[in-house]
Amino acid sequence: MKAYVAGVGMTRFEKPETREWQYWDMVREAGSAALADAGISYADVEQVPVGYCFQPSTAGQRAAYELGLTGIPVYNVNNNCATGSTALMLARQLVEGGAADCVLALGFEKMKRGALGGGADGGDFSTSPVARHYGVMAARHGFEMTPPTAQIFGDAAREHMEKYGTTEAQLAAVAAKNHRHSAHNPYAQFQDVYDVDDILAARVVHHPLTKLQCSPTSDGAAAAVVVSERFAEQRELGAGTGAGNGGGSLVEIVAQAMTTDTEDSFASGSCIDVVGQPMSRAAARQVYERSGLGIEDVDVVELHDCFSINELLTYEALGMCEPGESGKLVESGGTTYGGRWVVNPSGGLISKGHPLGATGIAQVAELVWQLRGTAGERQVPGAGVGLAHNIGLGGAAVVTLLRAA
């Protein structure tokens, strides 16, 4: 059974502690927008997976109750930075498997200011779910007094530079592109434009990554209504009935895959592998095989640029270029307007923001607007196929291929 995204919604992503709201306020805003966009009510929803990382158990219920008290199943989902796309994947599986005809995927996060820690409990890395990952990093690079997540990705950048000749300017070009794209996104946490020199001149977080190459902590929520073909036909969805940004047009989830770490993540002792490039490559391969489409068929991409280096690593994992050629690809303009693909027209995590539980669903919201042709000034001309990539250290990688219905 096919699964379609019938409606999407999201809040603006905000700097933590700058807006007076709670996580349930975020979900009410994003969820109500998605339901209105689909042209349905919460009473039509049969199940609700809710993604978040930094709230206690059953916070998903507390958030969903803002939309209605109908007694339906609510699932609490936590998969690090891939949490939102994991909730969406559960929604798709419920629909494709015939367990439900209308599922609402929600994702939210209310975060604290400052850099993310390394997943350690009280600073004890021996108890961290990612202790093995950081152990690989420490064995090769040592451990510095910089934020752990920036450190492990920064060390991956150092390896890429040493192995392939990637330059600091190429890394900065990723951030400059995404900041430029976000200027036209009203949902983005930042809308300031910076050039490569500005990026390089910013404060160094962990060499070679500067502050403007690192995604910020953020507050925000996103939502997506996933429906079966049967439900869409019965309700005559996809005929412009929605009240939201996209007017209710359907977008098909053509294929989706999740992978977790294998021996390839750790065997080489490389931070490039331990931060997830093998997972991303495997997930992309599965999606291409299942859909019969390839990266050459894709027009627009929303990918997980938690740090500038991860965008380059993901180009290679998705097959957009050969290993080591990603720096040249971004420098050539091949991943912005007028190039072969437009990558992160939303501004990406670096500029749009990164509330962990919401990110994967927000990526799909952006792609839905692009594929409907309703993305305003950031519209990718002629966009017909979109790809979302969401990854969480620890690890999980989700790749989703979408097509205008």
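Predicted model: local features only at pLDDT ≥ 70, side-chain atom pairs only at ≥ 80, totals over all residues.
Me: Which residues of helix α4 are buried, and why do they line one face of the helix?
Reply: In α4, which covers residues 131–141, the buried positions are His133, Tyr134, Val136 and Met137. Seen down the axis of α4, these buried residues fall within an arc of 150 degrees, so they line one face of the helix.

Me: Which exposed residues does the face of α4 turned away from its buried side carry, and which elements do the buried residues pack against?
Reply: Exposed here means over 50% relative accessible area, and on the face of α4 turned away from the buried side the exposed residues are Arg132 and Ala139. The buried residues of α4, for their part, pack against α5 and α9.

Me: Which residue just after α4 takes a positive phi?
Reply: The phi in question is about 75 degrees, a positive value. The residue that takes this phi, just after α4, is Gly142.

Me: Which element gives the largest share of the lining of the second largest pocket?
Reply: This pocket has a volume of about 180 Å³, and of the 13 residues that line it, the closest to its centre are Lys163, Tyr164, Ser270, Ile272 and Asp273. Two or more lining residues come from each of α5 (148–164), α9 (271–274) and α10 (277–291). The largest share, five residues, comes from α5.

Methods
Residues numbered from 1 in each chain as written. Heavy atoms only, no water. 1 Å grid on protein atoms, 1.4 Å probe; cavity = no way out; pocket = protein on both sides within 12 Å on 5 of 7 lines; lining within 4 Å. Points joined across faces, edges and corners; volume = space filled by probe spheres on them. Helix = DSSP H or I, 4+ residues; strand = E, 2+ residues; numbered from the N terminus. Buried < 20%, exposed > 50% of the residue type's maximum accessible area, 1.4 Å probe, protein only. Arc of directions from axis to C-beta. Contact = heavy atoms within 4.5 Å.
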